[in-house]
2 protein chains.
Amino acid sequence: MLNFTFSNVTKIIFGRGVEEQTGKEAKLWGKKVLLHYGGGHIVRTGLKDRVVESLREAGLEVVELGGAQPNPRLSLVREGIELARKEKVDLIVAVGGGSAIDSAKAIGIGVPYEGDVWDFYAGKAKAEESLPLGVVLTIPAAGSESSPSSVITNEDGWLKVGYGALVMRPKFALLNPELTFTLPAYQTACGVSDMMAHIMERYFTQEGDVGFSDHLCEAALRSIMQEAPIAIAEPENYGARANIMWAGTIAHNDLLGMGRSEDWASHNIEHELSALYDIAHGAGLSIVFPAWMKYVYKQNPQRFVQFAVRVFGVEQDFHKPERTILEGIRRLEDFFHRIGLPTTLAEAEIPVDRLQEMAEKATAGDTQKLGSFMPLGQADVLAIYELCQGETR
Amino acid sequence: MLNFTFSNVTKIIFGRGVEEQTGKEAKLWGKKVLLHYGGGHIVRTGLKDRVVESLREAGLEVVELGGAQPNPRLSLVREGIELARKEKVDLIVAVGGGSAIDSAKAIGIGVPYEGDVWDFYAGKAKAEESLPLGVVLTIPAAGSESSPSSVITNEDGWLKVGYGALVMRPKFALLNPELTFTLPAYQTACGVSDMMAHIMERYFTQEGDVGFSDHLCEAALRSIMQEAPIAIAEPENYGARANIMWAGTIAHNDLLGMGRSEDWASHNIEHELSALYDIAHGAGLSIVFPAWMKYVYKQNPQRFVQFAVRVFGVEQDFHKPERTILEGIRRLEDFFHRIGLPTTLAEAEIPVDRLQEMAEKATAGDTQKLGSFMPLGQADVLAIYELCQGETR
């Protein structure tokens, strides 16, 4: 087990009706709010108005910036920074899923910074301060509501890049599972895939003596897979929605990765897909993760045997571990299919003519290795994209 | 799932050698430290000197108060409050296990309070502020290093009472598993029993739709039971010690109880035992918990079936759930025996002539119900003490 530091300061307020506490929590951090959100759904359902009302009732002034979209764009972040400076807001409240929150995080660190906000994402600067951020979560998936990270897409070259700093952790997050009742099945499934990937990126480690967090990761995966089909079949099942929402937060609040080296190659490989083709991140991950597994399992077969046996209850073949491993990967694919997600590029109707280009971008022309379970160069990443095509092609 | 608020602000710094960071962390909170610790072991091993050196090197003044003992005493707490006031310390650093930390927490809330510190424990006052507290943990057990609670024994009547308030959560906690290499087998086992009880007090709930935290609780229990015999057989096994230490923190940092009604009857029933007979808390719990289970399982047999199947892998008897349940309890007892703990009063050489008196004290003369899984009156608690005698008596 590696040495680690763990501290999770985000105040999570969870349950029915908690969005009505937005004003009460926000006023602990200032008087003027930039309310950042995405598209029409939040407006149409009246959620935005309820949040604005809660803020105004608590005596706060509200400046609005809508328009955050999946794979949130740098241009809108820059617009938000300008607006926040001009209006001299004290804090930001993001209403939505990972896109609105990631966008708000970028605005938060951009406001007090003299240079251009892309500097952080380009590795040219480190964020030392941020406007305080609060969250009203509507999509359980990214875990951004209590994580210190953010992924932004730069339209100039369609670069999708993540950045994280402790100052970016939200100060408070309001999680009402009822707000997810209206999430369509596909979006619910994409969220589930994303949170499972967050756990698996931590689970697949070469670090030893991490039994406690192994068990927690496995438990979280099993629980999510138990609840997901219920939430999809019964969209207003509070229990299933609540367990998924809470799991999505824990999947990515750092707890499950403590003392472990983490991987994150699959996320980076996926980012190229969703940057180019605007496929949902969760659907990209359900394609990339099984392919990654098939490519890397020989680096540590016993970990993949453990995954198959403990997460999927695969009957272990003690003499032929590979059978157990491949059955585990197969069951992961079966689960993704069951909840309506693709596991090949063909199923997602993504063409295969730019695999080489994506492999180059993901590894910056073979100058960066991806991941730590098995550090991957450009040729490895290309091979994984090829595995994403599926066996039948 | 119940609505909840979760925020865990304690900064956990975990790994080899982290006690050397005491000064660096402490100086974020002030200039003069009350160093509170227990007995000879911490002095003899040189740990106390190393911590003092770290504090002095960081430019802090140190005032010492040793003498914290198992079931920490109110008289020492009062002495600590006097000393802290006289010396005008800015913060407290506790070095030790739950006793030193609980004692330090009581001192922390006592210093800024005008009345007597026992008021908090007697339910007459609520703690609104505390001196900041840092911890160097040497015994994984109580989880006090990141919990907001403290248990103190008032020698006047040997009342052992718990109190908790958010201001009591330590600001930082330094957890070096190597410091636990010298823990004797029995103390290691008592710590394991204590952390398992912290999980089970949360696990046995009547609340529905808590599948995610069910799975986390079960995973934590299985992991602790996997590591404990290793740590006992190989006291210097870093991996086993590290997993147990980290599990002990998570077992009691509130995470595993979120959205659930918790029980805590067994802890209260045990407190009477250790207050009267000065048995280690963990050994008291290994006696009380199985007896409590036998008395209450009929209130929700399916939860006990789940416990037996998922935690102990009991082959389920679908037609006779009671067989599955009793086998689960039996395996818990077997585990406690395996790590050298008693599961009956006779094994612990505790006389049975004051069971009625303890039942009266635990329920304040039958005016207070204990627990929520099955609220227990005086007669119930007496029956559980009688079950603690064991079947062979």
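The following legends describe close-up views of a predicted model.

**Figure 1. The two domains of chain A and the contact between them.**
The domain assignment divides chain A into domain 1, residues 11-179, and domain 2, residues 185-388. Taken over C-alpha atoms, the centres of domain 1 and domain 2 of chain A are separated by 27 Å. Domain 1 of chain A brings 19 residues to the contact, and domain 2 of chain A brings 24 residues. On the side of domain 1 that touches domain 2, the elements giving two or more residues are β1 (4-14) and β7 (159-164) of chain A. The residues on this side of domain 1 comprise eleven nonpolar, five polar and three charged.

**Figure 2. The contact between chain A and chain B.**
On the side of chain A that touches chain B, at least two residues come from each of β1, α8 (211-233) and α9 (238-250) of chain A. By class, the residues on this side of chain A are 16 nonpolar, 14 polar and six charged.

**Figure 3. An open sheet of twelve strands with members from chain A and chain B.**
The strand order is β3(A)-β2(A)-β4(A)-β5(A)-β8(A)-β1(A)-β1(B)-β8(B)-β5(B)-β4(B)-β2(B)-β3(B), and the pairing is mixed. The edges are formed by β3 (61-65) of chain A and β3 (61-65) of chain B; each has a single partner strand, so one side of each is left without a neighbour in the sheet. On average, and with direction ignored, neighbouring strands of this sheet are turned by 25 degrees against each other.

**Figure 4. Pairing of β1(A) with β1(B).**
Strand β1(A) and strand β1 (residues 4-14) of chain B run antiparallel and are joined by seven bridges. Within this pairing, Thr5(A) stands opposite Ile13(B), and Phe6(A) stands opposite Ile12(B).

**Figure 5. Helix α5 of chain A lying across three strands, β2, β4 and β5 of chain A.**
Helix α5 (residues 98-110) of chain A lies across β2 (32-37), β4 (91-96) and β5 (133-137) of chain A. The direction of α5(A) is at about 165 degrees to β4(A).

**Figure 6. The hairpin of β6(A) and β7(A).**
Strand β6 (residues 149-154) of chain A pairs with β7(A) in the antiparallel sense, over six bridges. Four residues lie between the strands, and Gly157(A) takes a positive phi near 100 degrees.

**Figure 7. Packing of α8(A) against α8(B).**
Helix α8(A) and helix α8 (residues 211-233) of chain B pack with their axes 8 Å apart and at an angle of about 155 degrees. This angle makes α8(A) roughly antiparallel to α8(B), since angles over 145 degrees count as such. The crossing of the two helices is right-handed. The residues that α8(A) supplies include Phe212(A), His215(A), Leu216(A), Ala219(A), Arg222(A) and Gln226(A). Those supplied by α8(B) include Phe212(B), His215(B), Leu216(B), Ala219(B), Arg222(B) and Gln226(B). The contact of α8(A) with α8(B) has eight nonpolar, eight polar and six charged residues.

**Figure 8. Packing of α10(B) against α11(B).**
Helix α10 (residues 265-277) of chain B packs against α11(B) at an angle of about 130 degrees, and their axes are 9 Å apart. The two helices are therefore oblique to each other, and α10(B) passes α11(B) in a right-handed crossing. From α10(B), Ala265(B), Ser266(B), Ile269(B), Glu270(B), Leu273(B) and Ser274(B) take part. They meet His281(B), Gly284(B), Leu285(B), Val288(B), Phe289(B) and Trp292(B) of α11(B). Seven of the contact residues are nonpolar, four are polar and one is charged.

**Figure 9. Packing of α11(B) against α15(B).**
Helix α11 (residues 281-296) of chain B and helix α15 (residues 378-388) of chain B have axes 8 Å apart and pack at an angle of about 120 degrees. The helices α11(B) and α15(B) are therefore oblique to each other, with a right-handed crossing. Helix α11(B) contributes Ile287(B), Val288(B), Ala291(B), Trp292(B), Lys294(B) and Tyr295(B) to the contact. Helix α15(B) contributes Asp380(B), Ala383(B), Ile384(B), Leu387(B) and Cys388(B). The contact of α11(B) with α15(B) has nine nonpolar, no polar and two charged residues.

How values were computed. Residues numbered from 1 in each chain as written. Chains lettered and ligands numbered in written order. Predicted model: local features only at pLDDT ≥ 70, side-chain atom pairs only at ≥ 80, totals over all residues. Domains from an automatic or database assignment. Contact = placed C-beta atoms within 7 Å. Nonpolar A, V, L, I, M, F, W, Y, C, P; charged D, E, K, R; others polar. Pairing = 2+ DSSP bridges. Axes fitted to C-alpha atoms, helices over the stretch in contact; angles between N-to-C directions. Parallel < 35°, antiparallel > 145°, perpendicular 65-115°, else oblique. Left-handed = near helix turned anticlockwise from the far one by under 90°.
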